[in-house]
Each structure stands twice: as C-alpha cells, then as structure tokens.
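Subject: Model handed over, with notes

Hello,

Here is the model you asked about, followed by my notes on it. Please read the notes with the structure open beside them.

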Amino acid sequence: MRIKEMKLHPIAIADPPLRSSYGLHAPFALRTIVELVSTDGLTGISETYGGDNPVAALEAARGQIIGADPFQLTRLSQGLTSGASHSGDRTQTYLVPGENPLDQASRTFAALEIACLDLIGKAVGKPVCDVIGGRARDEVTFSAYLFYKHGGGGGVGDDAREDEYGEVLSPQATVRETRQMIDQYGFREIKLKGGVLDPETEVETIRALRQEFGTAYPLRIDPNCAWSVDTSVEVGRALKGELSGCGYLEDPCATLEGMAEVRRRLLAEGIETPLASNVAVTCFADVPEAKKLDAVQIVLSDPHYWGGLRQVQSLSHLCDVLGMGLSMHSNSHLGVSLMAMTHVAAASPHLTYACDTHYPWQTAQDEVVVGGRVPFSNGAVRIPDRPGLGVDLDYDQLARGRERYQKIPYRKRDDEAEMRRHVDPNWKRILPRW
Ligand code: GKR
Ligand code: MG
C-alpha cells in the first residue's frame, strides 16, 4: 500500500469569544483536515492547526508523503524533523509555531502520522488505539473546560451561532456555565482557564465551584503564565484545599525556573498541590529539566504538537519512569481531533487525568464528521467498534467549512489583536499581569 494523493482542506469553524491571558478568541477558529488516499483506494484522515502556515508546511511535505508506505512512519518522521531544533519564545509556542522549526515539523508529522494510522487501521480492520499497541481503557474521560467569555456564540452573519452559555465574567456565571456543561456532557473533572480576571476573583471562582460541586469533582486552574511567582504562591496558598486530590495548578507563571520557585515555596509551607504545564514543557528536551528542577509534576501532552500519537505514548512512558503525571491539552477542534485524542489516551496507560477538550465550544453546524457531534456519556468518549479513528468525513459539511474559510479574513490565530479589536484598543499581553 502506498499513498497516492494528499488532499488538504483549510476550514473555519465558529468559535465563541473565549478569554485567556493570550487575549480573545476570534469569531472563527481555523483548522485543516488532511486526507491521504492510498493505492488500495482507502482514505486516512486527520485534523490539525489551521491557517496559512500549517497548510504551507503540509504542502512542503507533499513530496515526502506521496509514494510513501504509510507503515513506514519512522522514515517519514526522520525526513520531516531531521535538523530541526527548538528555539523561540516558549510562552507562545503552541499558538504561533511558525518561529520554531522543530515545533512546526512535529506538527506537520503529527497530522500525517494520524492520517496514516487511520489508513492502517482501515487496511487491517482495527481501531487506531489497537494499531498503536492496544488500549488500556475502552473509554476516555474529558474535563469540563471552562472559560470566562463575553456574550456571543461565535461566528458572524449567516454563520453566527447560538450563545449557549451567555456572558461569563464572574464566579456566579462560571458556576452556571459549569452546571450547564456538566448536565449536558456528564464531565466529572473541572478545569478553569484563568489569567483573565484579577486573581482574587479567580480564587473566588474556584471556591464557588468547590462549594457547588463538592470534593468529588477535582478542580484545576490554568492562567497561562499571567501571574508572578509571588502571586502564584498566594493563589496556591489560597486554593490549597480546592486544588488538592486530583487537582492541579497549571502554568501559573512563566519559565521552568519560575515554576520551580513556586513549587519550593509551596512545599516549604506544606502545600503539595502539583504544578502542571503545557507552556514551560512543550517537547521531550524540556522534561528532564522540569524534573530536575521539580518545576512541573504533571505534563500536558497533545498529539497535535508533541509529534503524533506514538510520541504521546513515549511521553506517557517517560513520565511514568520519571514519576511525573500526564494529562492532555487541547485547542479549539472538531470530531476528527477529538477521536485522535481519544485513541491515544486509551492507549497511554499512564494518562490518568481527564483530558482537556474545547469540544463543547463548537457546534453541530460546524462538525465535519458523518452523523454530527461525537457523543459523550458520563464525560467520556468510547472507542468506536470500527476500524481507524472510527469517524468519516461528511463532505457537504467539509465544503461548508472550506467556504467559510474563503469568506473570512483570518489566516492565523491572533488573540491579542482580537482583544484590541473588540474589548480594549490598548490591550497587550503582559507577563506577568498580576
Ligand atoms: O483556547 O484560549 C485557549 C487556550 O488558552 C489554549 O490556547 C491553550 O492552548 O487550552 C490551552 C492551555 O491549556 O494552555
Ligand atoms: Mg494550559
């Protein structure tokens, strides 16, 4: 079996005005759907980052993927990543990968690897998680991923979506948002994207969530480096009880050194809340350093930027060996990504935290998989009893996504510019802000 064709589908999907320390989500998120067609007439699919740069990087790999044997992933990876090294500003890496050659190469390879694994699964009649070594679990749990947000459901004009959650800019509104999301999806763990309101209000939000949902729902907060070391320690102290158990404090401040200091100071006060990261740790080379400094106790994996499903499995093993925990990060995405995340989480035994997902923020109108939205039951997605990723493309929906992409001016994510356009003309991302 050889790959004879690669089709790239840049699409745009409505995205609500979610806030984070990066700024504001634009009314549309950009994604790219990849199709690899084999000489046997099978098609493997994947979903990855959208916009000009990711599409150009995939285009540049066309010569290496056409004619390739989808089973020979090691060679493909060598071809795409050799010579690339990590550089650039880590606090931005997963938003704007363009400046970091290894990040971009890992992402390009990941998109191709996932489509190859879907193809292999279809060729041998097995689900992807069983192709990559077999599953440790049949279903994967996800967390309620809460955002402070402005009013609006995302999209514009004919593509404007219903505002399911309304404006959420206070602790009370966040409790309402959480209740609504949990009622709909059955999530059993909760993550709040912080770094938006002042830290006292965010502490109050976490306390309100604890009061409403009780200790059975582990809580996490992730301000994406918006706090200084001192503020991170203060929040860690204030939320000592709330973030204990299976909770964690994610990227409270920038850099491994900053995180290490927060950890030292919290431990000195007897506070063992683990620190998690998808900003200070974004590649394998960061992991030993994070361990040595005791800066990070839980790494957030992500098949889209850690170099595919098998690299996430390697990361799972590495974290296990080093005595570190493993969770999973997400960005705005549709069902193809959700299934790739589900398959790899099922086949990564050490991944014990409920994975992040932005899925509740997208709608059926934008979904590109046949049958519409991927179902959740009790906050979990089951591995479908079907070969490959277990989802097929709805070509009418895909065409709508492509048309939407053509209509809009956005070609890369820029939350800071969006914030200036809609909320505050002088807004800048300042680290630390508090
Ligand atoms: O969607 O605004 C967002 C998030 O802040 C996202 O960009 C981050 O990648 O969810 C992410 C995180 O955990 O840092
Ligand atoms: Mg994070």
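**What was found**

Asn278 is a buried residue, with a relative accessible area of 0%.

**Confidence**

Please keep in mind that this is a predicted model. The protein chain has a mean pLDDT of 96, and 96% of its residues reach 70 or more. Over residues 94-98, pLDDT stays under 50, and the model has 16 contacts beyond four places in sequence for that stretch. Where pLDDT is low, predicted coordinates should not be read in detail.

Glu250 and Asn278 are 28 residues apart and link distant parts of the chain. Glu250 is in strand S10 (residues 248-250), while Asn278 is in the loop between strand S11 (275-277) and helix H10 (286-293). Glu250 has 0% relative accessibility, well within the under 20% cut-off, and therefore counts as buried.

Asn224 is not a glycine, but its phi is positive, at about 45 degrees. Cys225, also a residue other than glycine, has a positive phi near 70 degrees. Are these residues buried or exposed? Asn224 is buried at 1% relative accessibility, and Cys225 is buried with a relative accessible area of 1%.

**Two helix pairs**

Two packed helices are described by the angle between their axes and the distance between the axes.

- Helix H6 (residues 171-185) packs against helix H7 (residues 199-213) at an angle of about 45 degrees, and their axes are 9 Å apart. H6 and H7 are therefore oblique to each other. The crossing of H6 past H7 is right-handed. On the H6 side, the contact includes Pro171, Val175 and Ile182, and on the H7 side it includes Thr201, Ala208 and Phe213.
- Helix H9 (residues 256-268) packs against H10 at an angle of about 30 degrees, with the axes 9 Å apart. Because angles under 35 degrees count as roughly parallel, H9 is roughly parallel to H10. H9 passes H10 in a right-handed crossing. Leu256, Glu257 and Ala260 of H9 meet Asp286, Glu289, Ala290 and Leu293 of H10.

**Two further residues**

Ala380 is in strand S14 (residues 380-382) and is buried, at 3% relative accessibility. Apart from neighbours within four places in sequence, Ala380 contacts Glu139, Val140, Thr141, Arg188 and Pro375. Asn53 is 327 residues from Ala380 along the chain, and their C-alpha atoms are separated by 33 Å.

Where is the cis peptide bond that involves Pro432? The bond joins Leu431 and Pro432, with omega about -10 degrees. Pro432 is in the segment after helix H14 (415-422).

Regards

Conventions. Residues are numbered from 1 along each chain as its sequence is written. Chains are lettered from A and ligands numbered from 1 in the order in which they are written. This is a predicted model: local features need pLDDT of at least 70, side-chain atom pairs count only at pLDDT 80 or more; totals for chains, interfaces and linings use all residues. Side-chain values use heavy atoms; hydrogens and water are left out. Helices (H or I, at least four residues) and strands (E, at least two) are DSSP runs, numbered from the N terminus. Buried means under 20% relative accessible area, exposed over 50%, partly exposed in between (1.4 Å probe, protein chains only). pLDDT is the predictor's confidence in each residue, from 0 to 100. Contact means heavy atoms within 4.5 Å. Axes are lines fitted to C-alpha atoms, for helices over the stretch in contact, and angles run from 0 to 180 degrees between N-to-C directions. Angles under 35 degrees count as roughly parallel, over 145 as roughly antiparallel, 65 to 115 as roughly perpendicular and the rest as oblique. A crossing is left-handed if the near helix is turned anticlockwise from the far one by less than a right angle, and right-handed if clockwise.
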